[in-house]
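Reader: I would like to learn how to read helices and their packing in a model. Please take me through it step by step.

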Amino acid sequence: MNPIFKHGPSPVHRLVLVLLCSAALIFFDHKMNSFEPARGFLQSLVSPLQYLATAPKQMMNWAADNMTTRRQLLADNQQYKINELVFHEQALQLDIVQRENNRLRALLASPLRGDAKKMVAEILSVDSDPYTHQVVINRGANDGVYEGQVVIDDEGIVGQILHVGTTSSRVLLITDITHGVPVRISRNGLRLIATGGGVIDRLTHNYVPHSSDIRTGDLLVTSGLGSKFPEGYPVAKVTGVIQDESRAFSQIQSQPVAKIDRLRYVLLLWPEQNNLQESNESKTLPAEKAKIK
Amino acid sequence: MSIVSRLIMFLTLLVSLLASIMPLPLSVDAFRPDWVLVVLLYWCLALPSRVNVISAWVMGFILDVLLGSTLGVHAGAMAISVYIVAGNFQKIRNFSVWQQALIIGVLSALYHLIVFWLQRFLTDAVFLPSYLYPVFTTIILWPWAFLLLRKIRRNFRIT
């Protein structure tokens, strides 16, 4: 039964109350960042919803995986065997080169570079909010994920961890409007900053002088400056260089090499710890591979 | 209001939350209707004494957490849209379903514009026409959602 006389505050009072709450939340969350600990907690609270929302997609994937034909499986298997052979050979080469590099670095008294610990994560959900480019992955504080951690896929840098929950965490993609990566051109070492523009297949580079040597097709790799992203991972390919002399700077655009709109599995990187982690890493990876299957 | 009624209302809102974060292909994603807004507006029209500005704010807040946006953005926009309906529910109830759909479309556009204005203020987002595509799908969704939710409400005698 509906009451004839309404109880409680009038709609206007309620509206004013909640708008004040909103304003306070926006101020403290955006300007002061005082919700970082609460964010992790909230993220853990809503992660069941996220797992539930991806269930239909998981089922579709499962069905698709189970409905492949024997011939398809055999062909895939063949291809993987060939790939494994090729990659194994490359890994051998790399091992020799790395040893040599470490020896040379030791001679130069530079710090050695160790292997980074890695972990495979699966994408749980992609945000439908067009203003932020974020995805949620199925790893959280329980797996040792921490805020600001680097996330890559098989092609290049994807982004970094934004909020950590207990069993899931949120990744800020490099194409988000608030994100920037320090990069350099792999051809000549010129340093740039790759800023997201809110468009899924484009990065922009501001404040690049007209005189700088950039060509379409140049590969941009992380420069390791700022010590957030490890050095040398591919980030983007330059797609457009407009050198309009009437403007103060030339306009550079690039396209991320990571398949940001088709992510399914990503790799989390832990900072390199000079070979201490080597045994640990070799333990982690096969286990993770087993989980994917 | 019995526990069953509360549970049913809670379930419809939960399903709307799930629908609004369910992963979709990128091309379809731009057209995702505002499920949460539609369900909230229905309950606000049907039972304005149960669902009102504060419940809308709470749903918006959960949406903020789920979408990872700045806390309070969707909450505020949701509260304003629902406030308009809460103030005029007696008029809107008497319209035909398609007229209601147009009004819901206007409210949805307002909702998206408020979210955009706040984002513009916070992060210098640039306006793209695709941000308003959900308005059209929301208009199309409304009659079906309205009929379905009314059937649910009558079936379970939620008052």
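This is a predicted model: local features need pLDDT of at least 70, side-chain atom pairs count only at pLDDT 80 or more; totals for chains, interfaces and linings use all residues.

Reader: How many helices and strands does chain A have?

Author: Helices (H or I, at least four residues) and strands (E, at least two) are DSSP runs, numbered from the N terminus. Chain A has four helices and twelve strands.

Reader: How many residues of α3(A) are buried?

Author: A residue is buried if 20 or more other C-beta atoms lie within 10 Å of its own, exposed if 12 or fewer, and partly exposed in between, with C-beta atoms placed from the backbone. For α3(A) the number buried is zero, so this helix lies largely in the open. Over the 293 residues of chain A, 29% count as buried.

Reader: Where does α7(B) bend?

Author: The bend at a residue is the angle between axes fitted to the seven residues ending there and the seven starting there. In α7(B), a kink of about 35 degrees lies at B:L141, shortly before the proline B:P143. Helix α7(B) covers residues 133-155 and reaches 33 Å from its first C-alpha to its last, close to the 33 Å expected. Its buried residues are B:P134, B:V135, B:T138, B:I139, B:W142, B:A145 and B:L149.

Reader: What covers the buried residues of α7(B)?

Author: Contact here means that the C-beta atoms of two residues, placed from the backbone, lie within 7 Å. The cover includes α1 (3-21), α3 (35-46) and α6 (97-123) of chain B.

Reader: How is the packing of two helices described?

Author: By the angle between their axes and the distance between the axes. Axes are lines fitted to C-alpha atoms, for helices over the stretch in contact, and angles run from 0 to 180 degrees between N-to-C directions. Angles under 35 degrees count as roughly parallel, over 145 as roughly antiparallel, 65 to 115 as roughly perpendicular and the rest as oblique.
Helix α2 of chain A (residues 36-66) packs on α1(B) at about 70 degrees, with the axes 9 Å apart. The two are therefore roughly perpendicular to each other. On the α2(A) side the contact is made by A:L49, A:Q50, A:L52 and A:A53, and on the α1(B) side by B:L17, B:L18 and B:I21.

Reader: At what angle do α1(A) and α5(B) cross?

Author: At roughly 170 degrees, with the axes coming within 9 Å. α1(A) and α5(B) are therefore roughly antiparallel to each other. Residues in this contact include A:L15 and A:V18 of α1(A), and B:A79 and B:Y83 of α5(B).

Technical notes. Residues are numbered from 1 along each chain as its sequence is written. Chains are lettered from A and ligands numbered from 1 in the order in which they are written. The expected span of a helix is 1.5 Å times one less than its number of residues.
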